[in-house]
Amino acid sequence: MVRQQLLQRASALTTRHALQASIRNTVQRRLASGEMPKLTGAADNAFNRERMAVKQHAAASSDLWRKLSLYVAVPALILASINAKNLWDEHWEHWEHLPPLEDRIEYDYMNIRTKKFFWGDGDKTLL
């Protein structure tokens, strides 16, 4: 009796493992295939053909945007960063040649205040 139960349990486990392996292989095969399967028989109808066309379009669009992101956007960001760094350095090189702010002449049109700042002496900003 016990031996028969053990054989039934082993048979059930073997069947379950075989079913899981079959499902796993099918899923892996579908995910690994790059080409859409051909429709035949009853599956070859307008709805399924349209779905296949939508899937192919989605795959092509996602591939296009992935390539644009990697090969256009990233180099553009790198070039823009290099340009910004060069402009920043040129700007501060220019400021090094100017006299200190305290030694410059204050003209009437510079630092126009219609109202004093409410902190300190009223002439200096927080920055």
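## Surface and burial

The chain exposes about 12300 Å². Carbon and sulfur atoms supply 62% of that area. This is a predicted model, and its values are computed from the predicted atoms.

How many of the residues count as buried? Of the 127 residues of the chain, 2% do.

## Helices

The chain has two helices. It has zero strands. Helix 2 covers residues 46–97.

## The largest pocket

The largest pocket holds about 330 Å³ of space. Which residues line it? They are L101, E102, R104, I105, E106, M110, N111, R113, D123, K124 and T125.

Six of its residues are charged. Three are nonpolar, and two are polar.

## Aromatic pairs

A pair of aromatic rings is described by two things: the distance of the centres and the angle of the planes. The count here is three aromatic pairs. One of them joins W92 and W95. Their ring centres are 6.3 Å apart. The planes stand at 45°, and the pair is tilted.

Where do W92 and W95 sit relative to each other? W92 is partly exposed, with a relative accessible area of 41%. W95 is also partly exposed, at 35%. The rings of Y107 and Y109 give another pair, with centres 5.7 Å apart. Their planes are at 5°, so this pair is stacked.

Is Y107 buried or partly exposed? Y107 is partly exposed, with a relative accessible area of 43%. Y109 is exposed, at 61%.

W88, W92 and W95 form one aromatic cluster.

## Salt bridges

How many salt bridges does the structure hold? There are four. One of them links the side chains of D44 and R49. The N to O distance is 2.9 Å. D44 is partly exposed, with a relative accessible area of 38%. R49 counts as partly exposed too, at 43% relative accessibility.

K67 forms a salt bridge with D63. Their closest N and O atoms are 3.3 Å apart. K67 is partly exposed, at 39% relative accessibility. D63 is partly exposed as well, at 29%.

## One more bridge and a network

D89 and K85 meet through their side chains in a salt bridge. The distance is 3.0 Å, N to O. K85 is partly exposed, at 47%.

Some bridges share partners. In this way D63, R66 and K67 are joined into one network.

Methods: Residues numbered from 1 in each chain as written. Predicted model: local features only at pLDDT ≥ 70, side-chain atom pairs only at ≥ 80, totals over all residues. Heavy atoms only, no water. Helix = DSSP H or I, 4+ residues; strand = E, 2+ residues; numbered from the N terminus. Buried < 20%, exposed > 50% of the residue type's maximum accessible area, 1.4 Å probe, protein only. Areas by Shrake-Rupley, 256 points an atom, 1.4 Å probe, with all protein chains shown as cover. 1 Å grid on protein atoms, 1.4 Å probe; cavity = no way out; pocket = protein on both sides within 12 Å on 5 of 7 lines; lining within 4 Å. Points joined across faces, edges and corners; volume = space filled by probe spheres on them. Nonpolar A, V, L, I, M, F, W, Y, C, P; charged D, E, K, R; others polar. Phe/Tyr/Trp six-rings, centres within 6.5 Å; stacked < 30°, edge-to-face > 60°.
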